Amino acid sequence: LSWLRRQPLAHHDAERGLLLVHAGVHPHWSTSETLAFSSEVETVLCGASADAFHAAMYGNRPKTWDDGLEGVDRLRLIVNVLTRMRYLKEGARQSLKFKGAPADAPPELTPWFLTPARRCTDTVIFGHWSSLGLLDDHGVIALDSGCLWGRALTAVRLDGERREYSSIDCAHLAD
């Protein structure tokens, strides 16, 4: 747990133009803002108030980013964006309940990476969304191919001139 608390919520490879997160990047955030917001949470997780933050971290509110957010509300929203987000409603409000594929989503929901005027220009690599599956489009690489559900574990090789994907079957893990 001590090691995990010290891991970044966002990792940037500026040379390759890649930003790695668990779930997503808010469309109003640039890469540098994403890294700064991630750092805010990381500082709390490594500090004396980590236990107090853990006790207040879980929840679905606030739903909308505002630069004026403070305290636990600000930190909770940052955590939710980076670790839980899949869909947004109008006004870039998070919707954390629906977890299915975009083709099955209610019409008021938009995948976060399809939100118009997204500010992060780096390619975002993320997992967390097994019903989305492997996707390399729209400035994102989604890698969750459903190993937990007995489908596959997918990796991407990023060095070289083109991306190379490999997957292993996880059907034996579903038992």
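This is a predicted model: local features need pLDDT of at least 70, side-chain atom pairs count only at pLDDT 80 or more; totals for chains, interfaces and linings use all residues.

Trainee: In which sense do E1 and E2 pair?
Mentor: Strand E1 (residues 10-13) and E2 pair in the antiparallel sense, over four bridges. Strands here are DSSP runs (E, at least two residues), as helices are (H or I, at least four), numbered from the N terminus. Two strands pair if DSSP finds at least two bridges between them.

Trainee: And which residue in that hairpin takes a positive phi?
Mentor: Gly-17 does, with a phi near 70°, and the hairpin has four residues between its strands.

Trainee: What about E2 and E6, parallel or antiparallel?
Mentor: E2 and E6 are parallel, and three bridges link them. Leu-18 has Thr-123 as its partner in E6, while Leu-20 stands opposite Ile-125.

Trainee: How many bridges join E6 to E8?
Mentor: Three, and E6 and E8 run parallel. Ile-125 stands opposite Ile-141 in E8.

Trainee: Which residues does Val-124 contact, leaving aside neighbours within four places in sequence?
Mentor: Val-124 is in contact with Leu-19, Val-21, Val-25, Trp-112, Arg-118, Gly-139, Val-140 and Ile-141. Contact means heavy atoms within 4.5 Å.

Trainee: Now the core: which residues touch the most other members?
Mentor: In the largest nonpolar core, which has 33 residues, they are Val-21, Val-25, Trp-29, Phe-53, Trp-112, Val-124 and Phe-126. A nonpolar core is a set of buried Ala, Val, Leu, Ile, Met, Phe, Trp, Tyr and Cys residues joined through side-chain atoms within 4.5 Å.

Trainee: Which elements give two or more residues to this core?
Mentor: Among them are strand E2 (18-21), helix H2 (31-45), helix H4 (71-83) and strand E6 (123-126). H4 gives the largest share, six residues. Another core, of five residues, lies apart from this one and includes Ile-125, Ile-141, Leu-143 and Val-156.

Trainee: At what angle do the axes of H2 and H4 cross?
Mentor: They cross at roughly 115° and come within 10 Å. Axes are lines fitted to C-alpha atoms, for helices over the stretch in contact, and angles run from 0 to 180 degrees between N-to-C directions. Residues in the contact include Phe-37 and Val-41 of H2, and Leu-75 and Ile-78 of H4.

Trainee: One last topic: how many bridges join E9 to E10?
Mentor: Six bridges join strand E9 (residues 152-157) to strand E10 (residues 164-169), and the two run antiparallel. Val-156 has Tyr-165 as its bridge partner in E10. Six residues lie between these strands in the hairpin, where Gly-160 takes a positive phi near 105°.

Conventions
Residues are numbered from 1 along each chain as its sequence is written. Side-chain values use heavy atoms; hydrogens and water are left out. Buried means under 20% relative accessible area, exposed over 50%, partly exposed in between (1.4 Å probe, protein chains only).
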